[in-house]
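Visitor: I am new to this one. Could you show it to me and walk me through it?

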Amino acid sequence: MISNTSHAQTLRASAGEPEKAESASSTSPSEIALTNVSKTFALGKGQTLDAVSNVDLNIAGGEFIALIGASGCGKSTLLRMIAGLEDPSQGSITIAGQSPEDCIKRHKLGIAMQEHGLMPWLSAWNNVAMPFRLAGLPIDKKRVDELLALVELADFAQAMPKQLSGGMKQRVSIARALVLKPDVLILDEPFGALDAVTRRLMNNELQRIWSQQPTTTILVTHSVEEAVFLADRICLMSPRPGRLELIEEVELNRPRGLDTMHEPEFRQILAKLTTALDDVCTQGSRQ
Ligand SMILES: Nc1ncnc2c1ncn2[C@@H]1O[C@H](COP(=O)(O)OP(=O)(O)OP(=O)(O)O)[C@@H](O)[C@H]1O
Ligand SMILES: [Mg+2]
């Protein structure tokens with residue numbers, strides 16, 4: 001079930017979607033390989049906590065992966081390791097054959113983590129522009145404006161983070177993650193604070209961006225529906241220490257729209273994964 005073939009590109013071709021737009025950073029999306037990845041945290045006084053255990057996963061370039069699992073099962077820890085923010089205790093992670101740190105140095109990685117991580121002293125506009133500054137690149141003002149418009153915050157460009165709602169801050173963080181047109185996009189519950197309607201709009205936008213720009217995407221979400229709507233494959237993690245319990249391919253045609261959610265195939269995968277998530281969480285709580 002785990003494959004190296006470019007499933008995402010096949011899906012796009014079969015859906016008759018437009019050729020991908022030019023990427024500022026690169027022309028091809030990056031493969032990600034996780035080999036036997038584990039993470040144990042030292043808690044002090046000789047105590048340790050096993051957060052992630054023996055994860056093997058190959059993600060094809062341009063593929064969209066959703067990661068689901070109970071709270072505390074290690075999803076963010078796994079993302080942080082892929083993003084080079086945390087070292088694995090065991091195993092290895094490569095992005096296009098390089099280390100995650102190399103990927104960050106080459107500005108190929110866009111990250112929106114669970115906490116929005118906006119700079120409180122910078123306006124929404126300047127937060128979105130920050131990756132240009134960090135990369136030592138001239139700010140593409142048009143691109144920053146475009147991204148703010150995309151997340152429907154053009155009118156709040158000059159607002160400071162404290163003047164924005166939780167969902168608005170999340171949207172700034174998504175715009176910031178996308179501004180350099182990354183090859184790899186890492187999203188940790190990016191839509192958690194959005195209302196249902198905005199969330200569906202953002203899901204659609206994310207699908208559109210992903211289909212037009214070569215981006216290998218890993219999304220952590222607590223919404224199984226969102227995972228089925230967006231992903232090529234869904235990885236279900238067991239309760240801590242998180243292992244890959246199940247990997248499910250989503251072979252629904254693209255582009256997917258609101259109608260897709262009413263299709264029997266969609267409902268079927270949703271039911272299967274919801275049951276699997278319930279089972280795995282119930283087993284965990286019995287241990
Ligand atoms: N820096 C750290 N030091 C010690 N323990 C940590 C650290 N970071 C995470 N943990 C522990 O690792 C486990 C997994 O945490 P993680 O944040 O990856 O879970 P999660 O699946 O993202 O949960 P949620 O869905 O609630 O965001 C938890 O038990 C957490 O307490
Ligand atoms: Mg988390």
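Guide: Strand E6 (residues 184-188) and strand E7 (residues 216-220) pair over 5 bridges, in the parallel sense. This is a predicted model, where local features need pLDDT of at least 70, side-chain atom pairs count only at pLDDT 80 or more, and totals for chains, interfaces and linings use all residues. Residues are numbered from 1 along each chain as its sequence is written, while chains are lettered from A and ligands numbered from 1 in the order in which they are written.

Visitor: Which residue in E7 stands opposite Leu187?
Guide: Two strands pair if DSSP finds at least two bridges between them, and E6 and E7 have 5. Strands here are DSSP runs (E, at least two residues), as helices are (H or I, at least four), numbered from the N terminus. Opposite Leu187 stands Leu219.

Visitor: Which strands stand at the edges of the open sheet of 6 strands?
Guide: The order in this sheet is E5-E6-E7-E3-E8-E9, and the pairing is mixed. Each edge strand has a single partner strand, so one side of it is left without a neighbour in the sheet; the two are strand E5 (109-112) and strand E9 (244-249).

Visitor: What angle does the direction of helix H2 make with that of E7?
Guide: Helix H2 (residues 75-82) packs on the sheet and touches strand E3 (64-68), E6, E7 and strand E8 (233-237). Touching means contact: C-beta atoms, placed from the backbone, within 7 Å. Axes are lines fitted to C-alpha atoms, for helices over the stretch in contact, and angles run from 0 to 180 degrees between N-to-C directions. For H2 and E7, the angle is about 155 degrees.

Visitor: Why is H2 largely enclosed by the rest of the structure?
Guide: A residue is buried if 20 or more other C-beta atoms lie within 10 Å of its own, exposed if 12 or fewer, and partly exposed in between, with C-beta atoms placed from the backbone. The buried residues of H2 include Lys75, Thr77 and Arg80. H2 is largely enclosed because its buried residues number 7 of the 8.

Visitor: Which element gives the most residues to the shell around ligand 1?
Guide: Near means a C-beta atom, placed from the backbone, within 6 Å. Among the 14 residues around ligand 1, those that come nearest are Phe41, Ser71, Lys75, Ser76 and Thr77. Strand E1 (32-44), strand E2 (47-59) and H2 each give two or more residues to this shell. The most, 3 residues, come from H2.

Visitor: How many residues lie between E1 and E2 in their hairpin?
Guide: E1 and E2 pair in the antiparallel sense over 9 bridges. Gly44 has Gln47 in E2 as its bridge partner. In the turn, Lys45 has a positive phi of about 50 degrees, and the residues between the two strands number 2.

Notes:
Contact = placed C-beta atoms within 7 Å.
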